[in-house]
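Please walk me through this structure, one region at a time.

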Amino acid sequence: MTPRIGIVRTVTAAIALQAKTAPISFAIVIALTIATGSISAIVGWSSQQLFDELARGVAAAGERATKFAIITALVGGGAMAVLQLAAYLDLDTRARITIAVERTLMAKVMSFRGLRRFEDPAFLSRLRLAEEAAHEGPQELTSLAMALLRAAVTVVSLTAVVWAIAPEVAALLGVVGLVGLVTQLLRNRWFAAMSRANVSTQRWREFYRALHVDARAAQEVRLFGLGKLFLGRLGRMSAKACGIELEVSRRGMAIQAVLSVATAAVTAVATVVIVARVVGGTLSVGDVSLFLAAVAGIGTAFAGVVQRIHMAGRNAVTFRSYLEIVALPVDPRGRLHAPPLVRGIAIEDAWFRYTPDGPWVLAGLDLWIPAGTSTGIVGLNGAGKTTLVKLLCGFYELDRGRIAWDGIDIRDLDPDSLHARMSATFQDFMTYDVSAAENIGFGDITRLDDRDAIRSAAALAEIDAPLAAIGYDTILSRTLGDGDDDDEAVGQSLSIGQWQRVALARSLFRGDADLFVLDEPSSGLDAEAEHRIHRMLDARGRGRTRVLISHRLGSLRGADRIAVIAAGRIAELGTHDDLVARDGAYARLFSLQASGYREVA
Ligand SMILES: Nc1ncnc2c1ncn2[C@@H]1O[C@H](COP(=O)(O)OP(=O)(O)OP(=O)(O)O)[C@@H](O)[C@H]1O
Ligand SMILES: [Mg+2]
């Protein structure tokens, strides 16, 4: 569960972040905000003086009136210039904050130890909101805070002015303004609730939208004629998302309209009252000008804040999600440093399922993987082979039982030190949109620039010649690398089998791993290549512990031991010859495949 963080803490955190990230800009912005907030009152006062001078007689007061006019113009003009400076500083601060927020969020996500969170839709929805915060930072929130400060200064100074002329009018204006604020805050509550409820729909919307533009989806979408279907679904999702937003806006709009009418009515009544007093001789013409300027100023200040609150609504939701994710407790990590694997890995009574009420994938599996040997793992689709690999890597925790690395429970090992002793070609390996050299170099970033070593790894995976032909610096991407930058080579792509060899080369590049895992997508390599690669692994891997998964039983023939997984346990275990002699599941599968090859041949 992610912790819930209140709105006050959210805004406070936004301001604290701003003060920490850009302290000088922040201080200047505050000073400018206070200065610009008081400008309305100064201009109002100055105009009042001007009007009163004029009322006293043009001839006598001409000179002084001009002086007031100049002050008014200078203060007004100065305010505009200062506002420009404030706007620039604001942009500068926002940029810094956005970078800080993005870094913090991504570092937090990288610190998640296992894979569970990446498969939890509710968490992913929250992460999606947080990512939005990483794009824009809490800028609307900090702007809101500044707008509040400016409005407070404006309202207080102007109210003082109106109070001196007509206290009851000042009180009335205050009440209307406050009601407006409170309603807007309420409206934002609905909006926040709606935004959270709407993320899931938004994520479906993005999913369908992505299907329209994704290069991988393009061929199936066209061949199966899915375009119209997806467009329809996108439309429905978009309409649903927008409908929810509009509903909230409708409610808010009605209230806002009533408030606007009320404000106008108050202003009208107040004006009549003031004008009557001028006629009665208790107030001057300058007072009327000051009063009108003050009413307009207060109205604008409130409207500005209300508008800002509205804009900050979404930002509050996203920034709050960001804070909630960043506040997640650090995943517990084992403290022991993983030692070199000398004896072997013991999987003892392993029980595992992906969800608390899902089916057991492993149900009391026991397997001893002796160090320095190769263990082949065989089983039908969905038997749990890949799951076992992920558990060995510590990406999920067992529900029961344990996995021991030379006798130490892997939960007690520092995951980084464990991973440093492993290398793996995963069944769903990554294809990185970077250069061919880096695609292999990522296997051991301490040698990312060692071109010779990279090429040797590529040669072992039988992919050196094709990569040399397109160039090791070529970006392997279908969508990035348009050659715009001088040092950027134009993107090229590889076949699926070639990509798999690149992934294999990447894992071989980590030459000193104690445990090497190869989880084979059988479609990737042709049978002959797979056979050669297994033989190469055997020859090179002597002394290393290898776990090899393949659907082509012939490829595993040379393994020291073969384990057959069925019903969440090891159903058979032995050498190829043992298992064939036993005449069980393995023997049946093997003879099926062998006869298949014979027929084809
Ligand atoms: N991330 C996941 N979340 C939920 N269930 C999963 C997940 N990954 C796999 N499963 C389920 O766990 C079971 C075992 O899957 P696993 O990928 O380990 O099979 P496998 O033996 O590697 O199969 P294959 O030969 O097709 O690669 C399957 O029933 C699958 O539905
Ligand atoms: Mg698998």
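Y208 has a relative accessibility of 8%, so Y208 counts as buried; buried means under 20% relative accessible area, exposed over 50%, and partly exposed in between, with a 1.4 Å probe and protein chains only. The residue sits in helix α6. Helices (H or I, at least four residues) and strands (E, at least two) are DSSP runs, numbered from the N terminus. The model is predicted: local features need pLDDT of at least 70, side-chain atom pairs count only at pLDDT 80 or more, and totals for chains, interfaces and linings use all residues. Residues are numbered from 1 along each chain as its sequence is written, chains are lettered from A and ligands numbered from 1 in the order in which they are written, and side-chain values use heavy atoms, with hydrogens and water left out.

Apart from neighbours within four places in sequence, Y208 is in contact with F230, R233, L234 and M237, where contact means heavy atoms within 4.5 Å. With R233 there is also a polar contact between the two side chains, at 3.1 Å. A polar contact is a pair of N or O atoms within 3.5 Å; within protein, one must be able to donate a hydrogen and the other to accept it, and residues adjacent in sequence count only if both atoms are side-chain atoms. V179 is 29 residues from Y208 along the chain, and the C-alpha atoms of the two are separated by 42 Å.

Next come the nonpolar cores. In soluble globular proteins, nonpolar side chains tend to be buried together. A nonpolar core is a set of buried Ala, Val, Leu, Ile, Met, Phe, Trp, Tyr and Cys residues joined through side-chain atoms within 4.5 Å. The largest one here has 49 residues, and F291, F319, Y322 and I325 have the most contacts inside it. Two or more residues of this core come from each of α1 (7-21), α3 (58-110), α4 (121-136), α5 (139-165), α6 (167-213), α8 (227-280) and α9 (285-326). Helix α9 gives the largest share, 17 residues. I325 touches L105, K108, F112, F123, R126, L127 and A130, not counting residues up to four places away in sequence. A second, separate core has 37 residues, among them I454, M536, L548 and A559.

On a 1 Å grid over the protein atoms alone, a cavity is a set of points where a 1.4 Å probe fits but cannot get out, and a pocket is an open set with protein on both sides within 12 Å along at least five of seven lines; lining residues have an atom within 4 Å of a point. Grid points are joined across faces, edges and corners, and a volume is the space filled by probe spheres set on the points. The largest pocket has a volume of about 1,500 Å³. Its lining has 33 residues, of which L115, F395, H419, F426 and Y432 are the closest to its centre. The elements α3, α11 (415-420), β6 (422-425) and α15 (496-509) each give two or more residues to this lining.

There are three cavities of 30 Å³ or more. The largest cavity holds about 160 Å³ of space. Of its 16 lining residues, L391, G394, Y396, I410 and R411 are the closest to the centre.

Several loop residues are also buried. L341, in the loop between α9 and β1 (344-352), is buried because its relative accessible area is 12%. Beyond four places in sequence, L341 touches A371, W405, D406, D514 and T545. D414 lies in the loop between β5 (408-409) and α11 and is buried at 19% relative accessible area. S555, in the loop between β8 (545-549) and β9 (561-566), is buried at 9%.

Which residues other than glycine have a positive phi? D349 has a phi near 45°, and A567 has a phi near 50°. D349 lies in strand β1 and is partly exposed, at 35% relative accessibility. A567 is in the loop between β9 and β10 (569-574) and is exposed, with a relative accessible area of 75%.
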